[in-house]
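Please look over the sequence and the structure shown here.

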Amino acid sequence: MDIEFSAEDLTFQEDVRTFIKENLPAGMEMWTKRGEWFEALRKKGGWDVAKWPVEFGGPGFTPTQRYIFDMEMGRNSTPPQLPFGVGMLAPILMNYGSKEQQDRFLPGIRDGSVNWCQGYSEPGAGSDLANLRTRAELTEDGKHYIVNGQKIWTTLAHIAHWIFCLTRTSSDGPKQEGITFLLIPMDDPGVEVKPIITLGGSHSVNEVYFTDVKVPVENRVGEEGKGWTYAKGLLIHERTGLAGIQNSVFALEKAKANAGTVKVGDGTLMDLPRFKNKIGELEAELMALEFTELRSLASVSAGSDPGPESSIMKLKGTEIQQRISLLNLEAAGIYAAAWGNEPIGPGFAKAATGGYLGGRATTIFGGASEVQKDVIAKNVLDLGS
Ligand SMILES: Cc1cc2nc3c(=O)[nH]c(=O)nc-3n(C[C@H](O)[C@H](O)[C@H](O)COP(=O)(O)OP(=O)(O)OC[C@H]3O[C@@H](n4cnc5c(N)ncnc54)[C@H](O)[C@@H]3O)c2cc1C
């Protein structure tokens, strides 16, 4: 395994740093001018779609360049893209979609003009996703599917134009078979979205109901009944992304800075050994996780596919995110309790509580921690089936 950066990689790192310095709008303008930022990334040679292959307009980064790129973007907290189009549906369309579907959907995904959401989970089909029951029945003339059923926890369905959806077209045979991948417009009169307000008081997830929704067969990705295969390949990449290592490196630095502003005796919270110990433990675990990612990149560079180590990264990465948010909460002290009202106490207190509550979900979505432990036990530690 070779995890030293080569001279070319170091030059690339410098290039990314210079690009960010010259193009990233400062302060809040980072958000109001995010369109200009993505445009600059695109002009740089497909940096707006860093993970896309060259034939679809991506930059053709090596896995190590991708790591460096993500690290530098994370360090600077650059505005993220919504994950469902660029990161999730696009690779499925590239691998399994028809040329017509690629031409029709990829441009809107790339320029952000069309929002997508992910319709996988259902009541009774979360960890056991193959248990899904939303039915898609082919009409007699073979031109449409009629879709009936319900999805749940659908992130950003309320602002999505389209949903990519796993549906059941057959109940014969093992439950992983008979699942079909459909693309459904959200403005169809048979699609109803109901909000779910989560612990932190925010609206990001929804229930989505389908009643006799008529979906043209041209909106089916790949073959009927093979949707499980298409959906599964994506999960490995989704899990690696959810580890959020680069963001955690930045978030931990921020948590240290926050704690450094909280007076305790003659010093600050950062001078207390019990607080410093927690920071030290997190830094060590974060570094170990970075090395796991680098090891995985080294094997991908050598030609292997990303494997079950994505489950280690998802499991540890999301635990670390939660522990960092807990440090912020601890630093905010009693002021954390006032988070729902006007902010009082240190400036970071309100966001600390919101971040802590919202972050509970990270060990659930994209495959719950218990499920990742099962995958690690079976496929990494070889502890039997
Ligand atoms: C904020 C948020 C956003 C989400 N966004 C989306 C989205 O956009 N699209 C989408 O399709 N889904 C989304 N989800 C759904 C998410 O993928 C599921 O919640 C997740 O897969 C868990 O499924 P479940 O909620 O049905 O829980 P269950 O599967 O019922 O699990 C309940 C508990 O049992 C445990 N458990 C289950 N099976 C096992 C097992 N075999 N061994 C040990 N323990 C087990 C779980 O770990 C968990 O603790 C989102 C969820 C959240 C919380």
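Does Glu 207 count as buried, partly exposed or exposed, and how many C-beta neighbours does Glu 207 have inside 10 Å? Glu 207 has 17 such neighbours and so counts as partly exposed. A residue is buried with 20 or more other C-beta atoms within 10 Å of its own, exposed with 12 or fewer, and partly exposed in between, the C-beta atoms being placed from the backbone.

This is a predicted model, in which local features need pLDDT of at least 70, side-chain atom pairs count only at pLDDT 80 or more, and totals for chains, interfaces and linings use all residues. Residues are numbered from 1 along each chain as its sequence is written.

Strand β7 (residues 203-216) holds Glu 207; strands (E, at least two residues) and helices (H or I, at least four) are DSSP runs numbered from the N terminus. Apart from neighbours within four places in sequence, Glu 207 contacts Gln 150, Ile 152, Lys 194 and Ile 196, a contact meaning C-beta atoms, placed from the backbone, within 7 Å. Ala 157, 50 residues from Glu 207 in sequence, lies 8.2 Å from Glu 207, C-alpha to C-alpha.

The protein chain contains twelve helices and ten strands. Along its principal axes, the C-alpha trace spans about 80 × 50 × 50 Å. Buried residues are 32% of the 385 in the chain.

Around the ligand there are 19 residues, the closest being Tyr 120, Gly 126, Ser 127, Ala 368 and Glu 370; a residue is near the ligand if its C-beta atom, placed from the backbone, lies within 6 Å of it. β1 (116-119) and α12 (369-380) each supply at least two residues of this shell.

Technical notes. Two residues are in contact if their C-beta atoms, placed from the backbone, lie within 7 Å.
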